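Here's a quick tour of the model on your screen.

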Amino acid sequence: MTLYIGREASKKLWKRVCAETTTELNLLLENWKYLLAGLIFQYIHGLAARGVHYLHRPGPTLQDVGFFLLPELGPDKAYISETVFTFVFLSFVLWTFHPFIFKAKKIYTVLLWCRVLAFLVASQSLRIITFYSTQLPGPNYHCREGSKLARLPRPDSAFEVLLINFPRGVIYGCGDLIFSSHMIFTLVFVLTYQKYGTRRCIKQFAWLIAVAQSFLIVASRKHYTVDVVVAWYTVNLVVFFIDKKLPELPDRSNGSASLLLPLSTKDKDSKTKEENHKLLNGNSGDPADWRQRTQVNGKTLEDGNTVHAETTTNGA
């Protein structure tokens, strides 16, 4: 009996994975250009950070209030902030692929990553502008005077620059300051889950991790305090304005087809006018419209708030 139930569960899981893969492949065929452009820009961002390292000139560490207030972790404990960032990165990536496994499907993986990459590209573009505008002496240990990595020797060929020596060239970079790259990724991931995630406890924990990551970066002397502060308000503004320009992700809870997406604001407005016209003429519309919805104003409600939202709507 147990073996039979296990086989049935495996079959259902396999069918769910196959159905989700088919849906995501269709979306990938429509949006692969955006994903490819976002991934290419990640390389461009790394290339820019590699290029500014050639311009870096070590010098006295700038006066920083964070360095006075926070205890210095030291080079032997610099791995702590990297470990926290790796945890945030991997957790978010795994969450974006959860529709392939779990029944509670709130997002489309391809569409969500198109959105995330748009946030990252805009924030990283501003970051590139800032660290090429002003070069500061890096506070990190390998960027200080006397370190062999503080200055890069003149490259022998363009290929040496284009290779960017990944990942060592990224970990031991210098000069890409005034904006923390780790905080860009962390805040974009946290803000995305804040809107499309469903677990309130995870949202609160994610914000605590973001705050802890900010302190760890300064305590590890990887960035100045201003780099973290600039990231906090800039990334929030970038996500806010770009999110308003992009079309909303479709609501998966009402069982609508994945391809019935409002491709633009104009399409969305015309659809709304059509629904209003039906209501004014006394048409009840599609019975599917009476089903419970778990999104309000484009935001996924947290677990436990669906009934309250529906009651409030009916009461209005």
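## The greasy patch

Patches here are built from residues with over 30% relative accessible area and no salt bridge, joining like charges within 9 Å and nonpolar side chains (Val, Leu, Ile, Met, Phe, Trp, Tyr) within 5 Å. Accessible areas come from the Shrake-Rupley method with a 1.4 Å probe, and for residues only the protein chains shown count as cover. A salt bridge means a side-chain nitrogen of Lys or Arg within 4 Å of a carboxyl oxygen of Asp or Glu.

With that in hand: Leu-25, Leu-28, Trp-32, Leu-36, Ile-40, Tyr-43, Ile-44 and Leu-162 make a nonpolar surface patch of about 700 Å². Helix H1 (residues 2–55) supplies the largest share, seven residues; helices (H or I, at least four residues) and strands (E, at least two) are DSSP runs, numbered from the N terminus. Leu-25 sits in H1 and counts as partly exposed because its relative accessibility is 46%, where buried is under 20%, exposed is over 50% and partly exposed is in between (1.4 Å probe, protein chains only).

## Ground rules

This is a predicted model, where local features need pLDDT of at least 70, side-chain atom pairs count only at pLDDT 80 or more, and totals for chains, interfaces and linings use all residues. Residues are numbered from 1 along each chain as its sequence is written, and side-chain values use heavy atoms, with hydrogens and water left out.

## Annotated spans

An unreviewed UniProt entry puts "transmembrane region" at residues 78–98, 110–132 and 170–193. Those positions use the numbering here, feature names are shortened, and annotations may be inferred rather than shown by experiment. In the model, residues 78–98 are 86% helix and 0% strand, with end C-alpha atoms 31 Å apart. For residues 170–193, the figures are 62% helix, 0% strand and 26 Å.

## Thr-109

Thr-109 belongs to helix H4 (residues 109–133). It counts as buried because its relative accessibility is 4%. Beyond its neighbours within four places in sequence, Thr-109 is in contact (heavy atoms within 4.5 Å) with Glu-24, Thr-96, Phe-97, Pro-99 and Phe-100.

Helix H8 (residues 200–219) has 20 residues, so at 1.5 Å a residue it should span 28 Å, and its end C-alpha atoms agree at 29 Å apart. The expected span is 1.5 Å times one less than the number of residues. Buried residues in H8 include Lys-203, Ile-209 and Gln-213. Arg-221 follows H8 with a positive phi, near 60°.

The buried residues of H9 include Asp-227 and Asp-243, and they pack against helix H2 (65–69), H4, helix H7 (181–196) and H8.
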